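I opened a new page for this chain. These are my notes, kept in the order I looked things up.

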Amino acid sequence: TYLMILTAIVAVPVGVGAAIYLEEYAKKGWFSRVVEVNIANLAGVPSIIYGLLGLELFVRAMGLDRSLLAGALTMALLVLPIIIIAGREALRAVPPSIREASYALGASRWQTIRYQVLSLAFPGILTGSILALSRAIGEAAPLITMGALTYIAFLPDGLLAPFTVLPIQIFNWVSRPQKGFFAAAAGGIIVLLVVLLLMNALAVYLRQRYQRRLYL
């Protein structure tokens, strides 16, 4: 829970801000196309590569050790391309006539983006962010690579405290020979599936709700 909250705090504002800049402010040219292609490529990179990046950048270079903060930053890197792509698609779906009408009434670019464009793009941005975080919940490879614990008997008491996540716990239980651990692993898998289904259902519900509110 702590890991996903920190991941959302870091990834969602940065991802949405990057999407707004690339779609609304950046000049359309070769640089913008190169950035767009690279973001799309990063969305398809295996998650273990992000674990190696987090190990080198956050654990070793920044000296955060194998802490909760290092894990959250690593997972934020994993979901950032997905949030940026979803945000750009949502912003791109807003009709240009909305922007032109706002400019015609004397609004500045930022006022147009804040009060008109983001209002219409919000359902798509919200859905993309929730689905990106849903992917992060089920990831174990990048966290194992960067050195997350396989077992922990206490809750993290700070951003630099050691941590573990449910997928790693499931991996640990499955690898043990005792039958009791198999039952614990099965229970953990069911909990993880329920959480993922609830997050996906929440994304669909919020999208439909806000779309109805905007177009009524």
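I am working with a predicted model, in which local features need pLDDT of at least 70 and side-chain atom pairs count only at pLDDT 80 or more, while totals for chains, interfaces and linings use all residues. Residues are numbered from 1 along each chain as its sequence is written, and side-chain values use heavy atoms, with hydrogens and water left out.

Entry: Asn172. I found that Asn172 counts as buried, at 11% relative accessibility. Asn172 sits in helix α8, residues 166-174; helices are DSSP runs of H or I with at least four residues, strands are runs of E with at least two, and both are numbered from the N terminus. I then listed its contacts (heavy atoms within 4.5 Å). Setting aside neighbours within four places in sequence, Asn172 is in contact with Thr150 and Tyr151.

Entry: the whole chain. I counted nine helices and zero strands. The C-alpha trace spans about 70 × 40 × 30 Å along its principal axes. Of the 216 residues, 40% count as buried. I also looked at contacts between residues at least 6 apart in sequence, and 73% of them join residues at least 24 apart.

Entry: Gly51. Is Gly51 buried or exposed? I read 0% relative accessibility, so Gly51 counts as buried. Gly51 belongs to helix α3, residues 47-61. Not counting residues up to four places away in sequence, Gly51 touches Thr74, Pro142, Thr145 and Met146. I also checked Ile9, which is 42 residues from Gly51 along the chain; their C-alpha atoms are separated by 19 Å.

Entry: salt bridges. I took a salt bridge as a side-chain nitrogen of Lys or Arg within 4 Å of a carboxyl oxygen of Asp or Glu. How many salt bridges does the structure hold? I noted nine.

I looked up Glu23 and Arg92, whose closest N and O atoms are 3.1 Å apart in a salt bridge. Glu23 lies in helix α1 (residues 2-25) and Arg92 in helix α4 (residues 68-92), so this pair ties together parts that are 69 residues apart in sequence. Glu23 is buried at 14% relative accessibility, whereas Arg92 is partly exposed at 38%. I saw that a network of salt bridges links Glu23, Glu36, Arg88, Glu89 and Arg92.

I went on to Glu139 and Arg135, which form a salt bridge with 3.4 Å from N to O. Here Glu139 is buried, with a relative accessible area of 14%, and Arg135 is partly exposed at 27%. In the salt bridge of Asp65 and Arg66 I read 4.0 Å from N to O. Asp65 is partly exposed at 48%, and Arg66 is partly exposed at 41%.

Entry: the surface. I took accessible areas from the Shrake-Rupley method with a 1.4 Å probe; for residues, only the protein chains shown count as cover. The chain exposes about 12,100 Å², and carbon and sulfur atoms supply 69% of it. Trp110 is partly exposed, with a relative accessible area of 43%.

Key:
Buried < 20%, exposed > 50% of the residue type's maximum accessible area, 1.4 Å probe, protein only.
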